[in-house]
Amino acid sequence: MPDLMPLVSSHMQAARADEHGRSAELVLRDGVLRQSILALREGAELAEHNAPHAASLQVLVGRVRVTGEDEPVLSAGELHALTHQRHAVVALEDSVFLLTTVTSQPGEPPQDQ
């Protein structure tokens with residue numbers, strides 16, 4: 001398992017330099033389980049998208065808002081289970097988060113991400 005803290009720093013630097021203010025990497029893949037680290041520069045957004053079968057978002061640095069049903073604002077250290085509806089993620093300040101997803105249910109092929 002990779003050490004997340006160096007990834008936080010390198011992806012935040014990459015997001016600050018990126019034209020769209022984003023940087024991401026799949027850091028763990030185990031069957032249908034995926035964990036990705038994502039960095040967003042303040043004001044950057046992951047556009048609205050469909051939710052996987054199950055997902056959670058843990059903010060490592062910064063603050064983000066998840067659009068959708070209740071539009072929670074999450075700060076560093078907070079963990080949030082994502083709903084099964086379309087949503088987006090907006091960085092309210094420079095932020096890095098760990099996204100954990102389950103890409104299929106038993107008997108289904110994994111969804112492409």
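Student: Why is threonine 100 called buried?
Tutor: Its relative accessible area is 18%, and buried means under 20%, with exposed over 50% and partly exposed in between (1.4 Å probe, protein chains only). So threonine 100 counts as buried. Bear in mind that this is a predicted model, where local features need pLDDT of at least 70, side-chain atom pairs count only at pLDDT 80 or more, and totals for chains, interfaces and linings use all residues. Residues are numbered from 1 along each chain as its sequence is written, and side-chain values use heavy atoms, leaving out hydrogens and water.

Student: What makes the link between the side chains of threonine 100 and glutamine 35 a polar contact?
Tutor: The distance is 2.9 Å, and the term needs N or O atoms within 3.5 Å, one able to donate a hydrogen and the other to accept it; residues adjacent in sequence count only if both atoms are side-chain atoms. So this pair qualifies.

Student: Where does threonine 100 sit?
Tutor: In strand S9, residues 95–102; a strand is a DSSP run of E, at least two residues long, numbered from the N terminus. The sheet is open, with 5 antiparallel strands in the order S1-S2-S9-S4-S7.

Student: What makes S1 and S7 edge strands?
Tutor: Strand S1 (22–30) and strand S7 (79–81) each pair on one side only.

Student: How do you know that S4 and S7 pair?
Tutor: Pairing takes at least two bridges found by DSSP, and S4 (residues 54–61) and S7 have 3, so they pair, in the antiparallel sense. Leucine 57 has histidine 80 in S7 as its bridge partner.

Terms used:
Helices (H or I, at least four residues) and strands (E, at least two) are DSSP runs, numbered from the N terminus.
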